[in-house]
Amino acid sequence: MKRRCVLLFWLMIAVWAAMSAQCVGSSKYVEPSEKIFSNPEVMPVYPGGKKALMAFVSDRVIPKLMKADSTLTGTMMVNFVIDKKGRCKDFKVYRSKGPRFDKIIIREMKHMKRWTPGMLVGRPVSMRYCVRIRMKVKQTQRVKRMEKP
């Protein structure tokens, strides 16, 4: 009986070791250095700060959206990953107004300058970041839209 328990114990350890080796070799295994954080010690910074980021959005993204549809209103959220080197990738649009607008937003947001990456324990880390894009229709545009038959 004792011999069977010892044999079963070693068999379980062998199976566990084999499964662990498969996890490390598979593509699903994520190294801690590749992990995407949501709340590092130091947040990433766009060159020039938050004002420069908002200026980029208002100068580059919003005019392209208005060109596509001048009556577009509301708030759209763009979520993306800032990697360890400050590059932006994996863009996703939430509160979408349609796939056409999503493509415009992602295409223009890819032209952002490199960010200063977020830091955790003194090392740069990848993290997820979100930017709001608010669209408002000017009063004159509303009046023109209402006057059309």
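1. Basis of the note. The structure is a predicted model, in which local features need pLDDT of at least 70 and side-chain atom pairs count only at pLDDT 80 or more, while totals for chains, interfaces and linings use all residues. Residues are numbered from 1 along each chain as its sequence is written, and side-chain values use heavy atoms, with hydrogens and water left out.

2. Overall fold. The protein chain contains 4 helices and 5 strands (DSSP runs numbered from the N terminus: helices are H or I of at least four residues, strands E of at least two). Along the sequence these elements follow the order α-β-α-β-β-α-β-β-α.

3. Of the 149 residues in the protein chain, 27% are buried (buried is under 20% relative accessible area, exposed over 50%, and partly exposed in between, with a 1.4 Å probe and protein chains only). Among contacts with a separation of 6 or more, 75% are between residues 24 or more positions apart (contact means heavy atoms within 4.5 Å).

4. Helix 2 and helix 3. The axes of helix 2 (residues 49–68) and helix 3 come within 10 Å and cross at roughly 150°; axes are lines fitted to C-alpha atoms over the stretch in contact, and angles run from 0 to 180 degrees between N-to-C directions. The two helices are therefore roughly antiparallel, a term for angles over 145 degrees.

5. Residues of the helix contact. Helix 2 contributes Phe56, Val57, Arg60, Val61, Lys64, Leu65 and Ala68 to this contact, and helix 3 contributes Arg100, Phe101, Ile104, Ile105, Glu108 and Met109. These residues comprise 9 nonpolar, no polar and 4 charged (Ala, Val, Leu, Ile, Met, Phe, Trp, Tyr, Cys and Pro count as nonpolar, Asp, Glu, Lys and Arg as charged, and the others, Gly among them, as polar).

6. Asp90. Although Asp90 is not a glycine, its phi is positive, at about 55°. Asp90 belongs to strand 3 (residues 88–94) and is partly exposed, with 44% relative accessibility.

7. Arg95. A positive phi of about 55° is also found at Arg95, which is not a glycine. Arg95 is placed in the loop between strand 3 and helix 3 (99–109), and its relative accessible area of 57% makes it exposed.

Notes. Parallel < 35°, antiparallel > 145°, perpendicular 65-115°, else oblique.
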